[in-house]
Amino acid sequence: MRLLDLFRTATFRLALAYVLLFAASVIFLLGFIYWRTAGFMTRQVDETIAAEVQGLSEQYRRRGLLGLRQVVIERAAASSGSSLILLTAPDGRSLGGNLARWPANAIVDEGGWIGFTFTRGGEQGLARGRAIPLQGGLYRLLVARDISDLALIEGTLRNTLLYALGLTALFGVIGGGLIARTVLGRLNQINQTSEEIMQGDLSRRIPIMGSGDELDELAKNLNAMLGQIEGLMTGMREVADNIAHDLRTPLNRLRNRLEGAMLARDTPDDTKLALENAIEEADGLIATFNSLLLIAEAESGAHRNTMEEVDLRSIARDVVDLYEPVAEERGIALTLSAPEAVRVRGNPSLVARAAANLVDNALKYTPTGGKVGVQIDPGYLRNDGPSIIVRDSGPGIPAPDRARVLDRFVRLERSRNTPGSGLGLSLVAAVARMHGAALELADNQPGLAARLVFPKALPIPQAAQ
Amino acid sequence: MRLLLIEDDATAAAYLVKGLRESGHLVDHAGDGEDGLTLALGGAYDAAVVDRMLPRMDGLSVVNRLRDAGNQTPVLFLSALGEVDDKVRGLKAGGDDYLAKPFAFTELLARLEVLVRRHSPAAVQTRLAVGDLELDLLSRTATRNGQRIDLQPREFLLLEYMMRHAGHVVTRTMLLENVWEYHFDPQTNVIDVHMSRLRAKIDKNFEQPLLHTVRGAGYSLRAAS
């Protein structure tokens, strides 16, 4: 990775910000330590000098200039070396003290403190003190202390603290850089995998480190999403293949009929009949397309805003009413068991269509003399959602095939001879999904029990009415 | 009937114009929404067939403007958008019926005839009669040649619809929509079974059949001429 890229990454910027904040805290901390130690020593010196000045002023007031001179000479003699004192006459001559002459290079600060260098015993020293004018400024008294050692300690402390700061900053930068590199490396991995997937390899997955951190969580979620997308893509491809394959058969039949009508030297009536058959074939194709479109629409959730309160009992009544003559014609007993109104939220047209498909299927596969029962179950007895149950006494669907028959165009081998598009149950399943309902197929011993279970007791908005 | 067809697909339009003229109607054709609206506002048509998707002005807007101008010509929408929601939108915009493409020509013709009849003011009827078949809408009874016929409630509705449109072709889809209020075609031909049952009740034991199957289209109830 190029340096410029490194600067552009969010992780690096975050690390940099962290280092800067860290350095600022360290500067503040060390500054505080410096102020507390070096400042403390300076303040102590200042207090000592102030006390000394006060003592000398007291002597001066009580015993006059001569008395003061006496004290100065005594103090100078007793001085350990760090205490400096000097009394000068109006002509600058020393009247006593342990300094040779008034310092020439004195710097006076705002607080009246003076700093100066001095030479004693051939060595230069640094001092800090106060000057007190006496007798209208003719005589001057200098009280100071040698702070050479203090300055040395201060300098050392300052240098140490600066080194510490430098090291801290260095460690911060190195640490930040390492963190950035690690995190970046993993993000890079995710990016690389994404690119490979975009190039068409949908089976690629992002490696998971097993650390259980946020990046692992991200990788897991992305992988789950990829799995879902791959599943959908595979499904779509299968559907497209199925459509292409299953529509070719009726299209071919249609073509054959038309061709036959054109080539045969039939009477006009025969030609008309052939054309009528062709139209019938085309109508079948259109119906298949409509079913496919409806399944697609239900799956894309296009009808989600058409949900209203629907009564399953009245829907079942209408459907049974519609199919009752068909059942009678085929010698099948069609019964309805719906003791009470059962309300769910749904698209009335689609729910009716799903119910009609279930009844249609049941009648289609039930032999003469059989039974088809439609039941509306409020669901509260088995602590479940409301359901439409259609039971028949036909051959049923073997357990291994039950999931498969919900796919588009799947028709079991033995139903090849009955008319149908293989979309009936797919449509019911799509309608179920759209309503958050489940389509369960079970053994009715004998026959099939298809159960469309709606979600449990959805709150019905009363305000809308 | 004087009909207006607003359809931009030239092939479909030519086919429809030909078919409608052969069925004995006068047909004007417009290829886009603006021309269609001009024609509709200018001529007194018995009904207009309007495609939903048109160049220059879409079908919904044409009908909206037409209704805004106070024109109540019955409108049948044609559309490739065939789902219930689209139908509702079309009917709300002022359309009177909605037919999804692809459709059978007979279906269009049957619906147009019903549409035009519905718009001609008719007195409130309490009795319907076709030949010697009579339907009393108040007592909900049916008689033929004075003989009482027992009908289930749905059979009564079915017969009532057929009698209201006596002499016209009624398609299976129209029956599903108007008698059962279903906007889909069930896989099995349930309508045929209902009709054969109805036929058994009203035509059996009588010399003249009233209920006729129209091949490739639907049914028609009419007395022998």
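Two residues count as being in contact if their C-beta atoms, placed from the backbone, lie within 7 Å. Helices (H or I, at least four residues) and strands (E, at least two) are DSSP runs, numbered from the N terminus. What you see is a predicted model, in which local features need pLDDT of at least 70 and side-chain atom pairs count only at pLDDT 80 or more, while totals for chains, interfaces and linings use all residues. Residues are numbered from 1 along each chain as its sequence is written, and chains are lettered from A and ligands numbered from 1 in the order in which they are written.

Let us start with chain B. Here β10, β12 and β11 form, in that order, an open sheet of 3 strands with antiparallel pairing; strands pair if DSSP finds at least two bridges between them. Because β10 (169-171) and β11 (211-214) of chain B stand at the edges with a single partner strand each, one side of each has no neighbour in the sheet. Between β11(B) and β12 (residues 218-221) of chain B there are 4 bridges, and Leu211(B) sits opposite Leu221(B) of β12(B). Across β10 and β12 of chain B lies helix α7 (residues 172-180) of chain B, at about 70° to β10(B); axes are lines fitted to C-alpha atoms, for helices over the stretch in contact, and angles run from 0 to 180 degrees between N-to-C directions.

Now for the meeting of the chains. On chain B, 20 residues contact 24 residues of chain A. Both α4 (84-92) and α8 (190-202) of chain B supply at least two residues to this side of chain B, and α8(B) gives the most, with 4 residues.
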